[in-house]
Amino acid sequence: MKPPPFEYFRASNPEEAVAALGAHGGNAKLIAGGQSLMPMLNFRLLEPELLIDISKIASLKRIEKGSSGRWVIGAGVRHRDILVSEVLGNSYPILRAAMTHVAHVAIRNRGTIGGSLAHGDPAAEWPMLALLLDAEIEVLGRSGQRMIEAKDFFLGALHTSLSEDEIILAIHLPPAPVAWGFFETARRAGDFALAGAGVLLETQNGKISEARIALLGLGETPIRVYDAEAKLEGENLNSTNRAAAMEAAKAACQPMTDLHASAEFRVHLAGIMTGRSLDAAWGQAIC
Amino acid sequence: MTFEVMRPKYVGARVQRKEDPRLLSGSGRYAADVQPTRALHVAILRSDYAHALIRSINLDLARAMPGVIDVIDGEALASELKPLYATSRMTGYKPTALWPLARDRVRYVGEPVVAVVATDRYLAEDARAAIQIEYAALPAVTDANLSLTAQSDFLHPEHGSNLLVSRNFSRGNIEQAISEAFRVVSGQYRFTRTTPVAIEPRAYTAEWDRRLARLTLHSATQAPGIIRDALAEVLELNGPSIRVLAADVGGGFGGKVSLYPEEVIVCFLAQKLTRSVKYVSDRQEDLISTTQAFDQTVKAEMALDSSGRILGIRASILGDAGAYSIYPWTAALEPMQIAGFLPGPYQVPSYEADVQVVATNKTPSGPYRGVGRPGACFILERLIDKAAKEFGIDPLEFRRKNLVQPDQFPYKTGSGIVWDKSGFIECLDLAAEVIDYTTLKDNRDAAKAAGRWFGIGIASYAELTGLGSRMSAAPGMPINTGTESASVEIDATGSVIATFGTASIGQGLETTLAQIVADEIGVRPEDVTIVHGDSAAITHSTGSYASRSTVLAGGAAHKAGKEVREKLLKAAGFLMDCELLELEIEDGVVRQPATNKVLSFKDIGRAVYSEMGRFPLALRQELDLRATSFYDPEFGTTTSATHIATVDIDPETFEVRVLRYVAAEDCGRVINPQIVEGQVQGGVAQGIGVALMEEVIHDPQGQIFTASLVDYLVPSAAEVPSIEAVHLEAFAAGTIGGYRGMGEGGTIGAPAAVANAIADALSHLNIDITELPATPERLFRLVTTANQEKA
Amino acid sequence: MLNRRTITLNVNGEAHELEVEPRHLLADALREGLGLTGTHIGCEHGVCGACTILLDGESIRSCLLLAVQAEGHEITTVEGLGDSNHLNFLQQKFREHHALQCGFCTPGMLMTATELLNQRTSLTERDIRDALSGNLCRCTGYDHIIAAISEAIAETSGAGP
C-alpha cells in the first residue's frame, strides 16, 4: 500500500499554500499532520498531483486570546497541544475530555485541528466540538480572508464549504458555558465513535440559562439539537425534560448502517449519549 | 516412559530468553528485513470479483512502466509449474488444484491474478494499476448452506458440487440416548470467520545465489520444512537447490503454516530472472488473502439423564472452507477437529457427528490457533451451561459431575480420541479456588440485584498436543507430522550446538530447548547455540504448529543431549583416567570431585578433534561428540484447563468489559514459567477478540468489508483484563520430559468462557448466546427482541 | 514520475543523506534507505503502531509521515535505544518481564513506552493500558508489557528532572 506519485512543495506561509492550491485547480492537497490524508494516499483512494506541506508554518501554530474574550487556535495546532493547554482547559474544559478520545497518542502528536476540520468526518470529535462551541473558522483563499460559522462549514460526510483554493488559518472560539458533558461509545479505545454527544450548560439561580447539545457519528455532519436546547432553558434538569431531550436527539440524527452498528442501534445510542452528557453537565453546573 | 534429568537446574526456571537481545534492539531478521543486492520487488494484482471467468488480460501498459522488469500471469506459469494438490486419503474427499496465479477463473476476492516485478514496490504498484483485465462475472456463493444445496456454478466444476468433505462419526447409540433422555438441550451455533492478524504481514524474499545457481527463500513461515518440500515439488528442484529460512517470524498462529502462492511466485521469478525477488504483503492483502479461520455452523444436542449426567451428544457440522483446500492441511482440518473434540473432557457414552465441508467464494480457510477446538469448546460449554441452568445445578458442579474422573483415565471419548491422565477435575478446582468462586457468585448476585449486568462464565476443555505419527492433525493429509529430531554436538571449541526442525514464531523455543540441552549436558542455556528455522540445517523437518514443538523437539533434545553427555564423559574419563561415575559436569566443566581435576568442554573438544591421537583408535568412533535423535510420541498427550471469566455489560450501550480472567492449566512439566504464562495470556487475549470483536465480513456477492484494521478489530491493551494464568503442578505427561503442548489453550477456552459469562449476565432476559462475536449490535438486537417478547 | 530529491535525515544522533521520492514513507526510508530494519511495518494506515518512532521525542507513526517531511527533526528509532550487547533500562525491563514473544510489535512498544517514561509522571495500570492502546500485540496478551512498563515508571518517576 504505497502512495501514488506526486510533487511536493513546502509552503513557508499561508499565502504560498493558497497560491499553490490555486495553480493546481483541485489536483493539489494540503498536508499538515497527515493522519487522515496519509492512510488515504497509502490506500490510493486519492491521487493528487501535488502535496503542499503546511506543517512548518509557524503562524498557524499559535493559541492566542482574540477579541471579545475569544480564543483563537491556529489550524496547525495539534490535538496533543490542545490536550495539554492550560488556557484552553480552563475556558473550555470539554476539550480535554474530547481530545483523549481522539485515536491514540501517536496520532494526536501529529494530527491538527485544521486537518480534522477540513477532513470533515462526522464521527470525529472536532467537527462536533466546533458546532457545539459556535466556532468560527477563519479561512484564506485567493479571493481573500473570510470567516465561516461552524454551522455553515460542514456540508456532508468528508465535505466542507472550503473551496479548492482555501486553507483554514484558525478556529475562533467565543466564550462558552463551562459545565460540560461528553460521552462517546466506540468498539475499542480510540476507535471512531459509533455515537457521541457533547453538552454545555449555563445555569442561573439553579435553572438552565443556556443549553447546547451536539452529536457526532450520527449523520452526514455533526448535529446540533437546537429544539431540545430551547426546551431546557429556564428549567432544572429533570426526568421529563431529560427524556424529551433524548428523544429530540434521536429524532435529529440520521445515522447510517455500517459494519459496526445499524442505524437503529445508533439512534438508540444517540439518546443514551445525550442523556449521560446532560447528567454530567448538570452535575457540574449545580455544584 | 519418562527420562528424568539428574538434578534439573534450568528446566522449570525463569530463564531470560535468548531471543530477546536481538528482538529488543531491532536486530531481528524478519523476511522483509532481508535486503539482497539489486533485489526486485513484487506487487500482486488480485481479483476484485468473488467468482468470474477471466476473459482477457492486457499487460502491455504495465510492462512499459518505469522500473518494471517483468509481469506474469497464470498462463505464463502454467507451462512452467505443476499445480499442487492437498491430497487426503479420506473417502470422498475432493482436492482442488492450487495454482499460484489464477488460470481461466477467479474464485475469491483477493485471489492473485498477476505479479508485477519492478525495482521497487512503489513502482510495482504504479504498474499494477495499469493492468487491464476483463472478467465475466459468475454467480458467487458465500453462505455455506447455499453452497451445499447449489445445483450449478460450482467453484470446481470437475467435482459436480461444492462439497469437499463429508464424514460421519458414531460411537455408542445416540438414538437410544436421545429417546431415553430425561432432558435434551440443543442449539444452533455460529462461529464466524476470523483471521489470524499476526502483526508481521507475510513476507517472502527469494535470494538468488549467482555462484551456485541456488535459491534461499527467507519466508515468514512457521514451517520451513513443509515449504521447502512443497517448493521442491512444484518447481521440480532437488533438495540442495532450495533452502527455506525462517530466522525470525512475527507471529504465525496458523496463518503462516500453509504454502502460499506468493512463495512460489517469488521463487519462480528469482530463478527466471536470476535475481533476488521480494514480496511483502501489506495489511489489506493480509486481511483478504491470508488463510482464514473457523466459519462453521453447528446444530448440536445433548441428551441428559434425570440427575444431569450426559448420555450423549449429536452434532451436525457445516464448515466453510473458502475457495480452495489448502496445502498441506486440507479443507477438512478445522471441521474434523470440531467433530473430534466436541465430546470435550466429559464422560459422553454415545456420540455422533456428521461433518460436511463446502467450498465458497471466500478466502481459503486454514489453521488458526486452536483449530476446531475453540469452536468445539464454545458449542459444548454453551450446551453444558444451558443444561446446568435447566437442572438448576451450579455450572461448576455440573461440570464436576460430568468431567472424566481421575480414576477413569485413560478415557476413550465418543470420537475415538483417548485422554491420558490429565488434571481435568484438578484444574476446575484450581480455577475456582483462585477466583474464589463462592464469593464471586455472591458478588454476582448482589451486582445483579443492584441492576448491573454482571456474569460469570466457565469453560473446561481438553486437547491432544504433541501428536505423534499415529495421530493426524487432519485425517489422511499428505504429510505425517509425528516426528521431530534433535542433533546435538560439541564442537572443536567446546561449544554446544543443538539443531532442530522447529521454527521461531515467538514462543521462545530457542530458550526452552536450550534449557533442556543445558540440563542434559551440564552447561548454561546461554552457552547452547540453538539452530532452527532452516530447512538446510537438518535432513528433514516440518516446523512449529499444533502445539508440538516442545513435546517432540524437546523429547528429541533430551535423548540427543543424553547421548552426547555420555560421549563427553567417556572422553573425559579417558583423559582424566577415571571411571565415568566419578565425574560431574557443571557450567561447561567436567570435574572429578575426589581429586578436583577439571577439564573444560574446550579442553575435551580440542582433545577429541585436534588431538585424536591421544585416544585409542577403537575409542575414537565412540567419542564423536555428536548425536541425532528422533522422537515420535506415537499418539500425543492430553492438555486440559478450566477458564473462568467475569464480564460487565453496559445495559444501554451493550459494551462488554471482561473484568477478571483466570486460566488454570495442566500442561505437564513446565520448562519456563514466564513463557507458559505468556502463551496462555496471548491465547486468551485472542480468544477475547473472537468472543467480542473479530469477524471477517463478506457481502453476498463475496466482496470483503473487513480489509483494514479499522474494520477488522483485534483487542488492544485497553480491551483485555489482567489474565491470571495458574499452572497445575500435579502430573508430568507420559512424554519424554513430561511436557504437554500448551500454545493454543488460551484461544480454546476464552471464547466459551466469555460467551458463558455474557449469557450469565443476560440470564434475567433468558438470552442464549449462540453466535460470536457478541458485538454491541448483536446484543442490542437480542435484548430488544427479548424485551419485546416480555412485553 | 521519478522526481527524486536529496534529503538529510537526523536519525539517532547522526545525519544521513538519502535520495527519495516525495511519496516515500519515512518507514521505508529508514528500512531500505538506511538499513534500519528495527522499525517494522504492520499496516500502513496508522492503526497497529508497529512503525512507531520518536520525532523530537514524541511518538509518531512512521508509516504516516513522508520522509521529506521528516527533515529538520530528530528521529529516534529502536536502534537508538541500545544494542544487543547493551540493552537500555527499559529494554532490560522488557526482558526481565518476558514482555515480548515474536518481537514484531516490540520496537513500536518500546518507543511509545520511552515517551511515557520521559513524562516522569506516575501512572495507574489503567493509564498505561490506555497509553499503549495504539500499539497492537497479538502474542503477549499485554500483561507482561504492562508489568515491565509499570516497574520502569515506578523506578524512575520522582527521580528528578
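Biologist: Which domains is chain B divided into?

Modeller: In this predicted model, chain B is split into domain 1 (20-28 + 483-631), domain 2 (34-138 + 199-251 + 256-289) and domain 3 (293-404 + 422-470 + 634-790).

Biologist: How many Å separate the centres of domain 1 and domain 2 of chain B?

Modeller: Taken over C-alpha atoms, the centres of domain 1 and domain 2 of chain B are 39 Å apart. The two are in contact through 16 residues of domain 1 of chain B and 16 residues of domain 2 of chain B.

Biologist: And what classes of residue are on the domain 1 side there?

Modeller: The side of domain 1 of chain B that touches domain 2 of chain B has eleven polar residues, four nonpolar and one charged.

Biologist: Let's go to chain C. Where do its domains run?

Modeller: Chain C has domain 1 at 5-80 and domain 2 at 89-156. Their centres, over C-alpha atoms, are separated by 21 Å. In the contact, domain 1 of chain C supplies 14 residues and domain 2 of chain C supplies 13 residues.

Biologist: Which elements give two or more residues to the domain 1 side of chain C?

Modeller: Those are β3 (52-55) and β4 (58-61) of chain C. β3(C) gives the most to that side, with three residues. By class, the side of domain 1 of chain C that touches domain 2 of chain C has seven polar residues, six nonpolar and one charged.

Biologist: Now between chains. How many residues of chain B are in contact with chain C?

Modeller: On chain B it is 51 residues, in contact with 49 residues of chain C. The elements of chain B giving two or more residues to that side are α1 (20-24) and α19 (673-692). The most comes from α19(B), with eight residues.

Biologist: What about residue classes on that side of chain B?

Modeller: The side of chain B that touches chain C divides into 23 nonpolar, 19 polar and nine charged residues.

Biologist: And how many residues does the contact take from chain A and chain B?

Modeller: That contact takes 15 residues from chain A and 19 residues from chain B. Helix α12 (residues 263-285) of chain A provides the largest share of the chain A side, four residues. The chain A side has nine nonpolar residues, three polar and three charged.

Biologist: Switching to packing: which residues have the most contacts inside the largest nonpolar core?

Modeller: They are L215(A), A249(A), V42(B), V116(B), V517(B), V754(B) and I758(B), in a core of 421 residues. Helix α16 (residues 549-576) of chain B gives the most to this core, with eleven residues.

Biologist: Take V517(B). What does V517(B) touch?

Modeller: Leaving out residues up to four places away in sequence, V517(B) touches V488(B), V496(B), A498(B), V528(B), A557(B) and G561(B).

Biologist: I also spotted W71(A). Is W71(A) buried or exposed, and why?

Modeller: W71(A) counts as buried because 23 other C-beta atoms lie within 10 Å, and the cut-off for buried is 20 or more. W71(A) sits in strand β5 (residues 71-74) of chain A.

Biologist: Which residues does W71(A) touch?

Modeller: Not counting residues up to four places away in sequence, W71(A) touches I63(A), K65(A), G66(A), L88(A), S91(A) and L173(A). As for A245(A), 174 residues apart from W71(A) along the chain, the C-alpha atoms of the two are separated by 29 Å.

Biologist: What is the order of the open sheet of four strands in chain A?

Modeller: The order is β11-β12-β13-β14 (chain A), with antiparallel pairing. β11 (179-186) and β14 (223-224) of chain A are the edge strands, each pairing on one side only. Eight bridges join β11(A) to strand β12 (residues 193-204) of chain A, and A186(A) stands opposite A193(A) in β12(A).

Biologist: Which helix lies across β12, β13 and β14 of chain A?

Modeller: Helix α8 (residues 125-132) of chain A does, running at about 155° to β13(A).

Biologist: Back to chain B for strands. How many bridges join β8 to β13 there?

Modeller: Eleven bridges join strand β8 (residues 183-194) of chain B to strand β13 (residues 293-304) of chain B, and the two run antiparallel. Within that pairing, S186(B) stands opposite E301(B) in β13(B).

Biologist: In which sense do β8(B) and β29 of chain B pair, parallel or antiparallel?

Modeller: β8(B) pairs with strand β29 (residues 771-772) of chain B in the parallel sense, over two bridges. There, R190(B) has E771(B) in β29(B) as its bridge partner.

How values were computed
Residues are numbered from 1 along each chain as its sequence is written. Chains are lettered from A and ligands numbered from 1 in the order in which they are written. This is a predicted model: local features need pLDDT of at least 70, side-chain atom pairs count only at pLDDT 80 or more; totals for chains, interfaces and linings use all residues. Two residues are in contact if their C-beta atoms, placed from the backbone, lie within 7 Å. Ala, Val, Leu, Ile, Met, Phe, Trp, Tyr, Cys and Pro count as nonpolar, Asp, Glu, Lys and Arg as charged, and the others, Gly among them, as polar. A nonpolar core is a set of buried Ala, Val, Leu, Ile, Met, Phe, Trp, Tyr and Cys residues joined through C-beta atoms within 7 Å. A residue is buried if 20 or more other C-beta atoms lie within 10 Å of its own, exposed if 12 or fewer, and partly exposed in between; C-beta atoms are placed from the backbone. Domain bounds come from an automatic or database domain assignment. Two strands pair if DSSP finds at least two bridges between them. Axes are lines fitted to C-alpha atoms, for helices over the stretch in contact, and angles run from 0 to 180 degrees between N-to-C directions.
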